[in-house]
Amino acid sequence: MKALWAAGQATVQEIRDGLLPDRPLAYTTVMTVMDRLARKGVVVREKKGRAHHYSPAVSEEAIRERALKHLIDNFFEGVHKNLRKYLESGGAANFKAAPPDSRRTIRPRPAPIRPPKGKEPDVRMDASLL
């Protein structure tokens, strides 16, 4: 996506050429990824002659926001302060999470329903069920 955002619009070969200095990938690999991104609606594909031209359908900022939200929700209990504390503490060794947000707390299991004392259920097995 970085190569496509930089180009604005590109063919598979142009995207591959932009990636070659950093990551030598096969043409078919880049083509497969671009096809999947097009099916997901992340890029727009337009046929021009014999080649498909791709352009981004979402901004880099939108993707960054979504990834950051996913990170915070899954690793920091949905609390931005926890991510900030983690970064400020220098890593996991010094990190202590803030108390979880009330909307994200885990509720304890309800106590099992038991019959009143002295009225135990009849648990004898019926032989006809065997």
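Predicted model: local features only at pLDDT ≥ 70, side-chain atom pairs only at ≥ 80, totals over all residues.

Student: Which residue takes a positive phi just after α4?
Tutor: That's Glu-77, with a phi of about 55 degrees.

Student: And how do I describe two helices packed together?
Tutor: You give the angle between their axes and the distance between the axes. Here, take α2 (residues 12–19) and α3 (residues 27–40): their axes come within 9 Å and cross at roughly 115 degrees. Angles from 65 to 115 degrees count as roughly perpendicular, so that's how α2 lies to α3. The crossing of these two helices is right-handed.

Student: Which residues make the contact between α2 and α3?
Tutor: From α2 you have Val-12, Gln-13, Ile-15, Arg-16 and Leu-19, and from α3 Tyr-27, Val-30, Met-31 and Met-34. Sorted by type, the residues of this contact are seven nonpolar, one polar and one charged.

Student: What about His-53, is it buried or exposed?
Tutor: Buried means under 20% relative accessible area. His-53 has 19% relative accessibility, so it counts as buried. You'll find His-53 in strand β2 (residues 51–56).

Student: Which residues is His-53 in contact with, leaving aside neighbours within four places in sequence?
Tutor: His-53 touches Gln-9, Ala-10 and Thr-11, along with Val-44, Arg-45, Glu-46 and Lys-48.

Methods
Residues numbered from 1 in each chain as written. Heavy atoms only, no water. Axes fitted to C-alpha atoms, helices over the stretch in contact; angles between N-to-C directions. Helix = DSSP H or I, 4+ residues; strand = E, 2+ residues; numbered from the N terminus. Parallel < 35°, antiparallel > 145°, perpendicular 65-115°, else oblique. Left-handed = near helix turned anticlockwise from the far one by under 90°. Contact = heavy atoms within 4.5 Å. Nonpolar A, V, L, I, M, F, W, Y, C, P; charged D, E, K, R; others polar. Buried < 20%, exposed > 50% of the residue type's maximum accessible area, 1.4 Å probe, protein only.
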